[in-house]
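Look at the two ligands and at what lies around each of them. The text below starts with one term and then goes through the two sites in turn.

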Amino acid sequence: MKPISILGSTGSIGTQTLDVVRKTKDSLHIKALTAGTNFRLMERQAREFQPELVVMMDENAARQLKISLADTGIKISWGIEGLIEAAVIPETDTVVTAVSGRIGLEPTLAALKQGKNIALANKETLVAAGELVMRTAAETNAEIIPVDSEHSAIFQCLNGKREEAANITLTASGGPFLNWTREELRQATAEKALKHPNWKMGAKITIDSATMMNKGLEVIEAHWLFGFSYEEIKVLIHPQSIVHSFVEFNDASILAQMGEPDMRHPIQYALSYPQRWTSAYSRLNLAGKTLTFSEPDHKMFPFLEFAYTCGKKGGTLPAVMNAANEVCVHAFLKNRIKYFDLFNLVEKVCLEHQAQKADQLAVILDTDLWARERSEELICNMIK
Ligand SMILES: NC(=O)C1=CN([C@@H]2O[C@H](COP(=O)(O)OP(=O)(O)OC[C@H]3O[C@@H](n4cnc5c(N)ncnc54)[C@H](OP(=O)(O)O)[C@@H]3O)[C@@H](O)[C@H]2O)C=CC1
Ligand SMILES: CC(=O)[C@@H](O)[C@H](O)COP(=O)(O)O
Ligand SMILES: [Mn+2]
(Lines give C-alpha, C1' and ligand atoms only; values in the text may rest on other atoms or scores of the structure.)
(Ligands and ions follow the chains in the order given, each with its own letter.)
Protein backbone atom coordinates (compact mmCIF):
# COMPACT_ATOMS: atom_id res chain seq x y z
CA MET A 1 0.00 0.00 0.00
CA LYS A 2 1.41 3.37 -1.01
CA PRO A 3 1.11 5.90 1.87
CA ILE A 4 -0.09 9.30 0.65
CA SER A 5 -1.14 12.61 2.16
CA ILE A 6 -3.55 15.11 0.61
CA LEU A 7 -3.23 18.85 1.08
CA GLY A 8 -6.70 20.23 0.31
CA SER A 9 -8.72 17.01 0.69
CA THR A 10 -12.12 18.77 0.89
CA GLY A 11 -11.84 20.47 -2.52
CA SER A 12 -12.52 19.32 -6.06
CA ILE A 13 -9.17 17.56 -6.59
CA GLY A 14 -9.02 16.44 -2.94
CA THR A 15 -12.41 14.70 -2.95
CA GLN A 16 -11.70 13.10 -6.33
CA THR A 17 -8.36 11.85 -4.99
CA LEU A 18 -10.18 10.23 -2.08
CA ASP A 19 -12.55 8.62 -4.57
CA VAL A 20 -9.52 7.14 -6.35
CA VAL A 21 -8.28 5.84 -2.97
CA ARG A 22 -11.70 4.24 -2.39
CA LYS A 23 -11.84 2.63 -5.84
CA THR A 24 -8.27 1.31 -5.76
CA LYS A 25 -8.59 -0.21 -2.30
CA ASP A 26 -5.49 -1.81 -0.83
CA SER A 27 -3.30 0.25 -3.20
CA LEU A 28 -3.26 3.59 -1.36
CA HIS A 29 -3.33 4.51 2.30
CA ILE A 30 -3.98 7.97 3.77
CA LYS A 31 -1.47 9.35 6.32
CA ALA A 32 -2.62 12.99 6.56
CA LEU A 33 -5.41 15.21 5.28
CA THR A 34 -5.69 19.01 5.30
CA ALA A 35 -8.39 21.60 4.55
CA GLY A 36 -9.12 25.29 5.02
CA THR A 37 -12.35 25.72 6.98
CA ASN A 38 -14.68 22.84 6.04
CA PHE A 39 -14.43 20.87 9.31
CA ARG A 40 -17.72 19.01 8.75
CA LEU A 41 -16.53 17.31 5.55
CA MET A 42 -13.12 16.78 7.14
CA GLU A 43 -14.73 14.93 10.03
CA ARG A 44 -16.41 12.51 7.59
CA GLN A 45 -13.19 12.04 5.62
CA ALA A 46 -11.17 11.42 8.78
CA ARG A 47 -13.63 8.79 10.02
CA GLU A 48 -13.65 7.01 6.67
CA PHE A 49 -9.91 7.10 5.88
CA GLN A 50 -8.43 7.06 9.42
CA PRO A 51 -5.35 9.28 8.83
CA GLU A 52 -2.82 9.85 11.61
CA LEU A 53 -3.09 13.63 11.24
CA VAL A 54 -5.72 16.09 10.06
CA VAL A 55 -5.01 19.79 9.68
CA MET A 56 -7.33 22.76 9.31
CA MET A 57 -5.82 26.03 8.10
CA ASP A 58 -8.38 27.87 10.20
CA GLU A 59 -7.82 27.70 13.97
CA ASN A 60 -11.51 27.78 14.88
CA ALA A 61 -12.25 24.99 12.43
CA ALA A 62 -9.45 22.94 14.02
CA ARG A 63 -11.00 23.52 17.47
CA GLN A 64 -14.38 22.31 16.23
CA LEU A 65 -12.75 19.26 14.68
CA LYS A 66 -10.94 18.42 17.93
CA ILE A 67 -14.31 18.21 19.64
CA SER A 68 -15.97 16.13 16.93
CA LEU A 69 -13.04 13.72 16.52
CA ALA A 70 -12.30 13.44 20.26
CA ASP A 71 -13.15 9.71 20.26
CA THR A 72 -10.72 8.80 17.42
CA GLY A 73 -7.16 9.47 18.63
CA ILE A 74 -6.41 11.32 15.36
CA LYS A 75 -3.99 14.21 15.84
CA ILE A 76 -5.34 17.63 14.83
CA SER A 77 -3.16 20.62 13.94
CA TRP A 78 -3.83 23.98 12.33
CA GLY A 79 -2.30 26.83 10.34
CA ILE A 80 0.58 26.85 7.87
CA GLU A 81 2.75 24.96 10.41
CA GLY A 82 0.08 22.25 10.40
CA LEU A 83 0.11 22.09 6.61
CA ILE A 84 3.89 21.67 6.68
CA GLU A 85 3.55 18.97 9.37
CA ALA A 86 1.13 17.10 7.07
CA ALA A 87 3.49 17.52 4.11
CA VAL A 88 6.45 15.93 5.94
CA ILE A 89 4.66 13.26 7.99
CA PRO A 90 7.01 10.23 8.14
CA GLU A 91 6.47 7.28 5.80
CA THR A 92 4.36 9.23 3.28
CA ASP A 93 5.58 8.41 -0.23
CA THR A 94 3.56 10.99 -2.19
CA VAL A 95 1.95 14.27 -1.19
CA VAL A 96 -1.00 15.31 -3.36
CA THR A 97 -0.94 19.11 -3.50
CA ALA A 98 -4.62 19.95 -4.04
CA VAL A 99 -4.84 23.33 -2.29
CA SER A 100 -5.73 26.28 -4.44
CA GLY A 101 -3.25 29.15 -4.67
CA ARG A 102 0.29 30.05 -3.63
CA ILE A 103 -0.42 28.87 -0.07
CA GLY A 104 0.80 25.47 -1.28
CA LEU A 105 4.38 26.64 -1.79
CA GLU A 106 5.89 26.17 1.68
CA PRO A 107 4.36 22.71 2.32
CA THR A 108 5.45 21.58 -1.17
CA LEU A 109 9.03 22.72 -0.55
CA ALA A 110 9.01 21.06 2.89
CA ALA A 111 7.85 17.75 1.38
CA LEU A 112 10.44 17.92 -1.42
CA LYS A 113 13.23 18.63 1.08
CA GLN A 114 12.32 15.32 2.76
CA GLY A 115 12.51 13.57 -0.62
CA LYS A 116 8.77 13.00 -0.83
CA ASN A 117 7.20 12.75 -4.26
CA ILE A 118 4.60 15.31 -5.21
CA ALA A 119 1.44 14.64 -7.20
CA LEU A 120 1.08 18.25 -8.24
CA ALA A 121 -2.30 19.83 -8.91
CA ASN A 122 -1.44 23.14 -7.24
CA LYS A 123 -0.08 24.95 -10.33
CA GLU A 124 0.19 28.35 -8.58
CA THR A 125 3.16 27.00 -6.58
CA LEU A 126 5.14 26.33 -9.77
CA VAL A 127 4.13 29.66 -11.29
CA ALA A 128 5.28 31.57 -8.22
CA ALA A 129 8.45 29.61 -7.54
CA GLY A 130 9.21 27.24 -10.42
CA GLU A 131 12.97 27.56 -10.24
CA LEU A 132 13.13 27.01 -6.48
CA VAL A 133 10.67 24.10 -6.51
CA MET A 134 12.41 22.25 -9.37
CA ARG A 135 15.85 22.83 -7.82
CA THR A 136 14.64 21.50 -4.44
CA ALA A 137 13.19 18.38 -6.12
CA ALA A 138 16.45 17.79 -7.99
CA GLU A 139 18.48 18.08 -4.77
CA THR A 140 16.60 15.21 -3.10
CA ASN A 141 15.69 13.20 -6.24
CA ALA A 142 12.01 13.68 -5.42
CA GLU A 143 9.65 13.26 -8.36
CA ILE A 144 6.99 15.77 -9.31
CA ILE A 145 4.21 13.95 -11.15
CA PRO A 146 1.67 16.29 -12.75
CA VAL A 147 -2.02 15.97 -11.94
CA ASP A 148 -3.20 18.89 -14.09
CA SER A 149 -4.86 17.19 -17.09
CA GLU A 150 -2.73 18.88 -19.79
CA HIS A 151 0.53 18.23 -17.96
CA SER A 152 -0.41 14.65 -17.19
CA ALA A 153 -1.03 14.27 -20.94
CA ILE A 154 2.38 15.73 -21.82
CA PHE A 155 4.09 13.61 -19.15
CA GLN A 156 2.45 10.45 -20.54
CA CYS A 157 3.28 11.32 -24.17
CA LEU A 158 6.90 12.17 -23.36
CA ASN A 159 7.28 8.89 -21.46
CA GLY A 160 10.81 9.85 -20.42
CA LYS A 161 11.88 10.87 -23.97
CA ARG A 162 12.10 14.62 -23.32
CA GLU A 163 15.24 15.00 -25.44
CA GLU A 164 13.39 13.62 -28.49
CA ALA A 165 10.54 16.16 -28.24
CA ALA A 166 10.51 19.35 -30.33
CA ASN A 167 7.51 21.18 -28.87
CA ILE A 168 4.28 20.70 -26.94
CA THR A 169 0.72 21.94 -27.38
CA LEU A 170 -1.57 22.48 -24.43
CA THR A 171 -5.24 22.26 -25.29
CA ALA A 172 -7.71 24.76 -23.83
CA SER A 173 -11.48 24.34 -23.71
CA GLY A 174 -11.93 28.10 -24.21
CA GLY A 175 -14.13 28.15 -21.11
CA PRO A 176 -17.72 29.39 -20.78
CA PHE A 177 -17.03 32.63 -22.67
CA LEU A 178 -15.58 31.16 -25.86
CA ASN A 179 -16.88 33.18 -28.85
CA TRP A 180 -18.49 35.86 -26.63
CA THR A 181 -18.34 39.42 -27.99
CA ARG A 182 -16.59 42.23 -26.13
CA GLU A 183 -19.98 43.67 -25.21
CA GLU A 184 -21.13 40.34 -23.79
CA LEU A 185 -17.87 39.95 -21.86
CA ARG A 186 -18.44 43.39 -20.29
CA GLN A 187 -21.60 41.96 -18.72
CA ALA A 188 -19.96 38.67 -17.68
CA THR A 189 -20.67 37.84 -14.04
CA ALA A 190 -19.04 35.41 -11.64
CA GLU A 191 -22.21 33.32 -11.74
CA LYS A 192 -21.87 32.88 -15.51
CA ALA A 193 -18.11 32.38 -15.31
CA LEU A 194 -18.60 29.54 -12.82
CA LYS A 195 -20.42 27.44 -15.44
CA HIS A 196 -17.50 25.67 -17.09
CA PRO A 197 -18.66 23.67 -20.12
CA ASN A 198 -16.64 20.48 -19.43
CA TRP A 199 -15.11 20.39 -15.97
CA LYS A 200 -16.52 20.69 -12.44
CA MET A 201 -13.73 22.40 -10.52
CA GLY A 202 -13.14 24.75 -7.58
CA ALA A 203 -14.21 28.38 -7.97
CA LYS A 204 -10.76 29.92 -8.43
CA ILE A 205 -9.60 27.70 -11.30
CA THR A 206 -13.04 27.96 -12.93
CA ILE A 207 -12.74 31.75 -13.11
CA ASP A 208 -9.18 31.33 -14.43
CA SER A 209 -10.56 29.10 -17.18
CA ALA A 210 -13.11 31.77 -18.09
CA THR A 211 -10.37 34.42 -18.51
CA MET A 212 -7.87 31.90 -19.96
CA MET A 213 -5.45 32.85 -17.19
CA ASN A 214 -5.64 29.14 -16.38
CA LYS A 215 -3.92 28.39 -19.69
CA GLY A 216 -1.37 31.13 -18.98
CA LEU A 217 -0.58 29.57 -15.60
CA GLU A 218 -0.36 26.19 -17.32
CA VAL A 219 2.15 27.45 -19.91
CA ILE A 220 4.45 28.54 -17.05
CA GLU A 221 3.75 25.27 -15.20
CA ALA A 222 4.74 23.30 -18.34
CA HIS A 223 7.92 25.36 -18.77
CA TRP A 224 9.11 24.37 -15.31
CA LEU A 225 7.89 20.77 -15.29
CA PHE A 226 9.34 19.76 -18.66
CA GLY A 227 12.00 22.34 -19.47
CA PHE A 228 10.54 23.59 -22.77
CA SER A 229 11.26 27.20 -23.74
CA TYR A 230 8.18 29.44 -24.06
CA GLU A 231 8.59 29.37 -27.86
CA GLU A 232 8.25 25.57 -27.72
CA ILE A 233 4.95 25.69 -25.80
CA LYS A 234 1.82 26.30 -27.88
CA VAL A 235 -1.86 26.53 -27.02
CA LEU A 236 -4.85 25.48 -29.13
CA ILE A 237 -8.54 25.82 -28.37
CA HIS A 238 -10.19 22.40 -28.27
CA PRO A 239 -13.72 22.88 -26.88
CA GLN A 240 -14.40 19.14 -26.43
CA SER A 241 -11.60 18.64 -23.81
CA ILE A 242 -10.93 15.11 -25.09
CA VAL A 243 -7.39 15.56 -26.41
CA HIS A 244 -5.77 16.67 -23.17
CA SER A 245 -2.54 17.86 -24.86
CA PHE A 246 0.09 16.62 -27.30
CA VAL A 247 3.81 16.44 -28.05
CA GLU A 248 5.51 16.86 -31.42
CA PHE A 249 8.72 14.83 -31.61
CA ASN A 250 11.84 15.64 -33.65
CA ASP A 251 10.73 13.25 -36.42
CA ALA A 252 7.44 15.21 -36.86
CA SER A 253 5.34 12.51 -35.19
CA ILE A 254 2.72 13.83 -32.79
CA LEU A 255 1.60 11.82 -29.76
CA ALA A 256 -1.57 12.97 -28.02
CA GLN A 257 -3.24 11.73 -24.85
CA MET A 258 -7.04 11.41 -24.88
CA GLY A 259 -9.70 10.50 -22.38
CA GLU A 260 -13.01 11.52 -20.89
CA PRO A 261 -12.79 14.91 -19.13
CA ASP A 262 -12.66 13.39 -15.65
CA MET A 263 -9.83 14.41 -13.31
CA ARG A 264 -9.89 11.03 -11.59
CA HIS A 265 -7.97 9.65 -14.59
CA PRO A 266 -4.89 11.90 -14.23
CA ILE A 267 -5.12 11.75 -10.43
CA GLN A 268 -5.02 7.94 -10.51
CA TYR A 269 -2.18 7.97 -13.03
CA ALA A 270 -0.11 10.30 -10.81
CA LEU A 271 -0.59 7.87 -7.92
CA SER A 272 -0.10 4.62 -9.85
CA TYR A 273 2.89 5.84 -11.90
CA PRO A 274 4.98 4.12 -13.23
CA GLN A 275 2.23 1.48 -13.28
CA ARG A 276 -1.22 1.81 -14.84
CA TRP A 277 -3.96 0.51 -12.60
CA THR A 278 -7.36 -0.56 -13.96
CA SER A 279 -9.72 2.40 -13.99
CA ALA A 280 -13.16 2.37 -12.40
CA TYR A 281 -14.11 5.50 -14.36
CA SER A 282 -15.80 6.05 -17.70
CA ARG A 283 -13.88 5.17 -20.85
CA LEU A 284 -13.78 7.26 -24.00
CA ASN A 285 -15.68 6.07 -27.05
CA LEU A 286 -14.56 8.14 -30.03
CA ALA A 287 -17.29 6.92 -32.39
CA GLY A 288 -19.39 9.87 -33.52
CA LYS A 289 -17.19 12.44 -31.77
CA THR A 290 -16.00 15.55 -33.60
CA LEU A 291 -12.73 17.00 -32.38
CA THR A 292 -11.93 20.60 -33.35
CA PHE A 293 -8.86 22.81 -32.83
CA SER A 294 -8.36 26.55 -33.38
CA GLU A 295 -6.05 29.41 -32.40
CA PRO A 296 -6.93 31.35 -29.22
CA ASP A 297 -8.31 34.90 -29.55
CA HIS A 298 -5.69 36.97 -27.74
CA LYS A 299 -7.69 40.21 -28.02
CA MET A 300 -10.63 38.79 -26.07
CA PHE A 301 -8.46 36.76 -23.68
CA PRO A 302 -5.32 38.86 -23.11
CA PHE A 303 -4.24 36.92 -20.00
CA LEU A 304 -2.77 34.12 -22.09
CA GLU A 305 -0.27 36.28 -23.99
CA PHE A 306 0.41 38.27 -20.84
CA ALA A 307 1.37 35.09 -18.98
CA TYR A 308 3.84 34.25 -21.78
CA THR A 309 5.35 37.73 -21.39
CA CYS A 310 5.64 37.38 -17.60
CA GLY A 311 7.03 33.86 -17.91
CA LYS A 312 9.68 34.99 -20.40
CA LYS A 313 10.72 37.97 -18.25
CA GLY A 314 10.89 35.56 -15.35
CA GLY A 315 12.35 36.22 -11.89
CA THR A 316 9.68 37.36 -9.43
CA LEU A 317 7.29 38.64 -12.14
CA PRO A 318 5.25 35.39 -12.46
CA ALA A 319 4.84 35.39 -8.65
CA VAL A 320 3.44 38.92 -8.84
CA MET A 321 1.13 38.02 -11.72
CA ASN A 322 -0.11 34.99 -9.81
CA ALA A 323 -0.67 36.81 -6.50
CA ALA A 324 -2.46 39.75 -8.15
CA ASN A 325 -4.62 37.29 -10.06
CA GLU A 326 -5.55 35.39 -6.88
CA VAL A 327 -6.67 38.60 -5.18
CA CYS A 328 -8.58 39.84 -8.24
CA VAL A 329 -10.31 36.49 -8.83
CA HIS A 330 -11.56 36.52 -5.24
CA ALA A 331 -12.79 40.10 -5.73
CA PHE A 332 -14.55 39.07 -8.95
CA LEU A 333 -16.18 36.13 -7.16
CA LYS A 334 -17.57 38.60 -4.61
CA ASN A 335 -18.82 40.86 -7.44
CA ARG A 336 -16.48 43.65 -6.30
CA ILE A 337 -14.91 44.03 -9.75
CA LYS A 338 -15.95 43.31 -13.33
CA TYR A 339 -14.59 40.88 -15.90
CA PHE A 340 -12.23 43.30 -17.71
CA ASP A 341 -11.00 44.72 -14.38
CA LEU A 342 -9.35 41.37 -13.75
CA PHE A 343 -6.83 41.85 -16.55
CA ASN A 344 -6.40 45.60 -16.11
CA LEU A 345 -5.62 45.25 -12.40
CA VAL A 346 -3.22 42.32 -12.76
CA GLU A 347 -1.39 44.08 -15.59
CA LYS A 348 -1.10 47.29 -13.56
CA VAL A 349 0.38 45.52 -10.52
CA CYS A 350 2.86 43.67 -12.76
CA LEU A 351 3.92 46.89 -14.51
CA GLU A 352 4.70 48.48 -11.13
CA HIS A 353 6.99 45.61 -10.19
CA GLN A 354 10.76 45.52 -10.66
CA ALA A 355 11.52 41.85 -11.17
CA GLN A 356 14.26 40.29 -9.05
CA LYS A 357 15.81 36.83 -9.02
CA ALA A 358 13.31 34.30 -7.65
CA ASP A 359 15.67 31.71 -6.20
CA GLN A 360 15.02 32.40 -2.49
CA LEU A 361 11.80 31.61 -0.64
CA ALA A 362 11.93 34.85 1.39
CA VAL A 363 12.12 37.00 -1.75
CA ILE A 364 9.20 35.15 -3.33
CA LEU A 365 7.05 35.43 -0.20
CA ASP A 366 7.83 39.17 0.21
CA THR A 367 6.99 39.80 -3.44
CA ASP A 368 3.80 37.76 -3.18
CA LEU A 369 2.71 39.78 -0.13
CA TRP A 370 3.48 43.10 -1.84
CA ALA A 371 1.45 42.11 -4.91
CA ARG A 372 -1.52 41.05 -2.77
CA GLU A 373 -1.53 44.29 -0.77
CA ARG A 374 -1.10 46.43 -3.88
CA SER A 375 -3.92 44.59 -5.71
CA GLU A 376 -6.27 45.03 -2.77
CA GLU A 377 -5.35 48.73 -2.56
CA LEU A 378 -6.14 49.22 -6.27
CA ILE A 379 -9.44 47.36 -5.93
CA CYS A 380 -10.43 49.52 -2.93
CA ASN A 381 -9.51 52.73 -4.80
CA MET A 382 -11.51 51.58 -7.81
CA ILE A 383 -14.73 50.84 -5.96
CA LYS A 384 -14.61 53.87 -3.62
N1 LIG B 1 -10.41 21.14 -9.82
C2 LIG B 1 -9.81 20.67 -10.90
O3 LIG B 1 -10.40 19.91 -11.69
C4 LIG B 1 -8.40 21.05 -11.19
C5 LIG B 1 -7.65 21.76 -10.28
N6 LIG B 1 -6.34 22.04 -10.51
C7 LIG B 1 -5.57 22.78 -9.52
O8 LIG B 1 -5.66 22.08 -8.28
C9 LIG B 1 -5.65 23.00 -7.19
C10 LIG B 1 -6.91 22.76 -6.35
O11 LIG B 1 -8.03 23.12 -7.13
P12 LIG B 1 -9.51 22.73 -6.68
O13 LIG B 1 -9.53 21.36 -6.10
O14 LIG B 1 -10.36 23.03 -7.85
O15 LIG B 1 -9.77 23.80 -5.53
P16 LIG B 1 -10.92 23.83 -4.44
O17 LIG B 1 -11.19 25.26 -4.15
O18 LIG B 1 -12.04 22.95 -4.84
O19 LIG B 1 -10.23 23.16 -3.15
C20 LIG B 1 -9.19 23.79 -2.46
C21 LIG B 1 -8.79 22.99 -1.24
O22 LIG B 1 -7.82 23.75 -0.50
C23 LIG B 1 -8.35 24.11 0.79
N24 LIG B 1 -7.98 25.49 1.07
C25 LIG B 1 -8.59 26.60 0.59
N26 LIG B 1 -7.97 27.71 1.05
C27 LIG B 1 -6.96 27.27 1.83
C28 LIG B 1 -5.97 27.93 2.57
N29 LIG B 1 -5.86 29.26 2.63
N30 LIG B 1 -5.08 27.18 3.24
C31 LIG B 1 -5.14 25.82 3.20
N32 LIG B 1 -6.06 25.15 2.52
C33 LIG B 1 -6.96 25.86 1.84
C34 LIG B 1 -9.85 23.93 0.67
O35 LIG B 1 -10.41 23.71 1.95
P36 LIG B 1 -11.94 24.14 2.29
O37 LIG B 1 -12.79 23.14 1.54
O38 LIG B 1 -12.02 24.00 3.75
O39 LIG B 1 -12.10 25.54 1.80
C40 LIG B 1 -9.91 22.71 -0.25
O41 LIG B 1 -9.64 21.55 0.47
C42 LIG B 1 -5.57 24.40 -7.81
O43 LIG B 1 -4.26 24.84 -7.84
C44 LIG B 1 -6.09 24.18 -9.23
O45 LIG B 1 -5.55 25.11 -10.14
C46 LIG B 1 -5.70 21.63 -11.65
C47 LIG B 1 -6.41 20.93 -12.60
C48 LIG B 1 -7.81 20.60 -12.47
C1 LIG C 1 -9.13 19.87 -15.79
C2 LIG C 1 -8.00 20.79 -15.97
O3 LIG C 1 -6.86 20.39 -16.09
C4 LIG C 1 -8.27 22.21 -15.99
O5 LIG C 1 -7.09 22.97 -15.84
C6 LIG C 1 -8.92 22.47 -17.30
O7 LIG C 1 -7.96 22.33 -18.30
C8 LIG C 1 -9.56 23.77 -17.33
O9 LIG C 1 -10.09 23.99 -18.57
P10 LIG C 1 -9.58 25.13 -19.58
O11 LIG C 1 -8.95 24.40 -20.69
O12 LIG C 1 -10.89 25.78 -19.90
O13 LIG C 1 -8.66 26.05 -18.86
MN1 LIG D 1 -5.55 21.98 -16.67
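A residue is called buried if 20 or more other C-beta atoms lie within 10 Å of its own, exposed if 12 or fewer do, and partly exposed in between, with C-beta atoms placed from the backbone. The model is predicted: local features need pLDDT of at least 70 and side-chain atom pairs count only at pLDDT 80 or more, while totals for chains, interfaces and linings use all residues. Residues are numbered from 1 along each chain as its sequence is written, and chains are lettered from A and ligands numbered from 1 in the order in which they are written.

Ligand 1 is surrounded by 27 residues, and the closest include Gly 8 and Met 201; a residue belongs to such a shell if its C-beta atom, placed from the backbone, lies within 6 Å of the molecule. Helix α1 supplies three residues, the largest share.

Around ligand 2 are, among others, Ser 149, Ser 173, Ser 209 and Lys 215. An unreviewed UniProt entry lists "binding site" positions, among them Ser 173 and His 196; such annotations may be inferred rather than shown by experiment.

Ser 173 is in the loop between β8 (165–172) and α8 (182–186); helices (H or I, at least four residues) and strands (E, at least two) are DSSP runs, numbered from the N terminus. Ser 173 counts as buried because 20 other C-beta atoms lie within 10 Å. His 196 lies in the loop between α9 (190–193) and α10. His 196 has 19 C-beta neighbours inside 10 Å, so this residue is partly exposed.
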